[in-house]
Each structure stands twice: as C-alpha cells, then as structure tokens.
Amino acid sequence: MRKETMCVHSGSYRDPNTRGINTPIFTSSAFEYLDLEERPYPRYFNTPNQEVVVRKLCDLENAEDGVLFSSGMAAITTTILSFLKQGDHIILQDELYGGTHAFVSGQFERIGVDYTFVPTDTEKIAEAVRDNTRLIFIESPTNPLLSIIDIREAALIGKKNGITTAIDNTFASPINQNPLELGIDIVLHSGTKYLGGHSDICCGAVLANRALAGRIKAQATHFGGSLNATTCCLLERSLKTLNLRVERQTQNAGKIAEFLDQHALIKQVYYPGLSTHPGHDTALSQMKGFGAMLSFELSHDAQDAYTFMKRMKLIRPALSLGGIESSICSPATTSHQKISRKDRERIGITDSLLRLSVGIEHVDDIIYDIEQAMSAG
Ligand SMILES: Cc1ncc(COP(=O)(O)O)c(C=O)c1O
C-alpha cells in the first residue's frame with residue numbers, strides 16, 4: 001500500500017457485530033481475563049483503540065511496534081528514561097523542542113545522568129561519544145530554526161558505537177520523512193501536531209522495532225502516560241487524512257517561503273526547501289517533502305514580532321502547530337521560553353524570530369494576510 005492508502009486503511013478494525021466502517025470507541029477500562037492470554041488494560045497499552053492507531057502508525061513509519069502516549073512529552077520523557085540510568089550519558093542536539101531541552105537540562109543533574117548538547121552537526125555528535133553514552137537524541141527539521149541534520153550519518157555513529165538512536169520526527173511527520181528507513185532506531189512524534197492535525201487533541205507516539213518498543217512499553221506502564229480511547233478514536237480519524245493534509249500544507253509552505261524570501265522587510269527565512277538553506281541538499285536526500293513549518297526574522301524596519309502578530313487577521317497567533325489552520329508564534333516567548341536567554345541567543349532564537357505553521361487554506365489568502373500585516377501602519 002502507498003501512504004495515501006495506509007492512512008485510510010491500515011490497522012482498520014472490522015467490527016464483527018455491527019459491520020460498521022469505523023472503529024467503535026471501546027470505553028472499557030476493565031476487560032475479562034479468565035482463559036485469555038491477551039489482557040487489555042489502558043495503562044498496558046493494549047486496548048483495541050490503542051492498537052488500531054499503533055498499527056496505522058507502524059505502517060506509516062515502517063515500524064514493527066509502537067506505544068501511544070497522552071502527550072508528545074510523555075513519549076519523549078518515557079523513551080529517554082527507558083535507556084538511561086545513573087552514571088549514563090546522552091547526546092542531544094542543542095536545537096531541540098524547548099520542552100525536551102528543559103527536561104534534560106533541568107532534571108538530569110538531579111538523577112545523575114550526564115548529558116552533552118551539541119550543535120546540529122554529526123561531527124560534533126561523534127566527538128561527544130563517551131564509553132557511557134547510551135542514547136543519541138536528534139530532531140530534524142528542528143524546532144524552530146528548521147535546521148537539518150544528516151540522519152543517516154547520526155544513525156551510523158550510533159551503530160558503530162553500540163548506542164541507541166532516537167529522533168523527534170514531529171516537524172516532518174511520517175509523510176515527509178521516515179527515519180527508521182534511514183537507520184535510526186526509534187522515532188517519536190508529538191501527535192498533538194500533524195498526526196492529530198486539527199488542534200483539538202494532545203497525544204504522542206513512539207515507533208520502533210519490537211524489542212525497543214517493548215522496552216519503552218515496559219517503562220511506560222510504570223510512568224502511566226497512556227492515551228484514552230476517545231482520543232485514540234479522534235487520532236485514528238485524523239490519520240485518515242494525514243497524507244492529504246500534509247501534502248497540501250507542504251505545497252503551501254514552499255510557496256510562502258519563496259514569497260518571504262523575496263520580501264524586503266524579511267531579514268531571513270528558515271525553510272529547508274529553499275536552495276539557499278544550508279541543509280537543503282541533506283534534506284533533499286532524506287525527506288520526501290520539506291514540511292510545512294518555516295521561520296522568519298523580521299527586519300529592523302518591520303514592526304516588532306508582537307505588533308506583527310496582532311495585525312494578523314487569518315493566521316492565528318497560537319501555541320502549538322501542525323493544524324489545518326495556519327498559526328504563528330514567537331518561539332522566544334512560547335516554545336523556547338524556558339531556555340535561558342543566553343542559550344536561546346547562542347542557538348539563534350532571537351526576539352524577532354517568528355515560526356509559521358502553514359495550514360491547508362488557499363495559499364494566496366495566507367500570503368495576503370502576511371502582506372497586509374506587514375504593510376499596516
Ligand atoms: C518538535 C516537538 N516535539 C515535542 C513536542 C511536545 O509535544 P506535546 O506538547 O504533545 O507534549 C512539541 C510541542 O510543541 C514539539 O514541537
């Protein structure tokens with residue numbers, strides 16, 4: 001099956017009672033168990049609604065098994081802690097979702113785990129490897145600067161050194177990038193973004209081979225961040241249009257990036273689809289599409305980021321991303337607020353940086369909104 005078909009059909013539950021087309025919401029948190037090997041329980045990650053979604057995501061990411069979580073951060077924290085104990089070491093990119101960065105920098109000293117943040121450069125990852133390194137955690141494209149890391153190269157460093165590799169694939173979505181096919185061991189998503197796609201659910205997912213997914217699942221049953229049946233059902237419904245949505249969003253983003261790139265009041269555009277983007281060639285070699293997230297910096301002549309966002313009429317200034325509606329935010333005051341100003345400035349997250357999540361609207365309407373906000377006096 002191609003991705004379009006997987007989105008619609010993979011994992012589908014055939015209801016033997018009603019023969020309805022859709023998966024019913026199985027509300028039970030208690031299931032009979034006598035004489036049965038399979039013992040469903042929500043926090044064991046094996047209820048029917050959870051399994052249907054996991055099977056669809058496994059097909060989309062070419063994985064053997066997966067775990068669904070109640071948020072992207074539950075997926076990230078549970079996965080990271082499944083591979084580390086006191087005295088171990090983890091390597092991460094310094095450009096990462098702010099929540100992941102804050103989790104590591106704020107908690108790991110307390111639990112006795114060493115960490116090294118490295119720039120988005122595989123040579124720096126190789127240099128940071130130690131005898132006690134157990135996990136390499138990357139993100140590509142990164143939030144919010146859309147930097148690209150060579151995923152094959154990062155996977156190879158892991159393989160050569162016997163270190164597990166994991167990637168946050170939220171920005172690309174399984175439509176635009178499949179890291180397991182590039183050699184990475186574990187792929188993670190904040191399902192709150194593209195997988196959900198309608199800005200109305202919070203969830204996370206981890207996909208891997210059976211052994212690694214089993215290890216994460218075992219840890220997850222202790223931490224307990226499982227996803228409820230109703231949200232599973234909404235997620236399953238959303239995934240049926242994932243390919244359609246992301247394809248359209250990606251097309252729109254490419255056109256908007258070109259528009260912004262030529263605009264006199266824009267100092268810099270960050271989008272891997274632009275041939276001037278430093279990661280363009282690597283992105284071409286590992287992504288199926290360049291994604292629907294982009295960031296840009298207003299020039300000094302333009303209004304400040306807050307005033308610019310206040311002038312938007314169609315694009316919503318909002319936290320989160322990946323919805324069918326275009327939204328915009330200032331990472332310095334939202335997703336990356338918890339990172340110190342010094343670290344933000346070193347990474348390149350300035351106060352005038354804006355992150356645009358491109359929706360499925362007509363691209364001319366999105367561009368018109370940006371233009372009117374820029375020209376409003
Ligand atoms: C790239 C990335 N990873 C992970 C997360 C965390 O996901 P959640 O908010 O679902 O916990 C986010 C949220 O913004 C994100 O952008």
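Modeller: The model is predicted, so local features need pLDDT of at least 70 and side-chain atom pairs pLDDT 80 or more, while totals for chains, interfaces and linings use all residues. Residues are numbered from 1 along each chain as its sequence is written, and side-chain values use heavy atoms, without hydrogens and water.

Biologist: What makes a residue part of the lining of a pocket?

Modeller: A lining residue has an atom within 4 Å of a pocket point; a pocket is an open set of points on a 1 Å grid over the protein atoms alone, where a 1.4 Å probe fits, with protein on both sides within 12 Å along at least five of seven lines. The second largest pocket holds about 280 Å³ of space, the volume being that filled by probe spheres set on the points.

Biologist: Which residues lie nearest the centre of the largest pocket?

Modeller: They are Met73, Tyr97, Gly99, Lys193 and Ser335, out of 25 lining residues. The largest pocket contains about 480 Å³ of space. Helix 3 (72-82) and helix 4 (98-111) each contribute at least two residues to its lining; a helix is a DSSP run of H or I with at least four residues, numbered from the N terminus.

Biologist: Why is Gln177 counted as buried?

Modeller: Buried means under 20% relative accessible area, with a 1.4 Å probe and protein chains only. Gln177 stands at 0%, so the term applies. Gln177 lies in the loop between helix 7 (173-176) and strand 6 (186-190), a strand being an E run of at least two residues.

Biologist: How do you know that the side chains of Gln177 and Asn169 form a polar contact?

Modeller: Their distance is 2.9 Å, and a polar contact is a pair of N or O atoms within 3.5 Å, one able to donate a hydrogen and the other to accept it, where residues adjacent in sequence count only through side-chain atoms; the pair therefore qualifies. The side chain of Gln177 also reaches the backbone oxygen of Ser140 at 2.8 Å.

Biologist: What does Thr79 touch, leaving aside residues up to four places away in sequence?

Modeller: Thr79, in helix 3, touches Ile186, Leu188, Val206 and Ile216, contact meaning heavy atoms within 4.5 Å. Thr79 is buried, with a relative accessible area of 0%.

Biologist: What makes Pro174 buried?

Modeller: Its relative accessible area is 0%. Pro174 lies in helix 7, and its contacts beyond four places in sequence include Lys3, Leu60 and His189.

Conventions: Buried means under 20% relative accessible area, exposed over 50%, partly exposed in between (1.4 Å probe, protein chains only).
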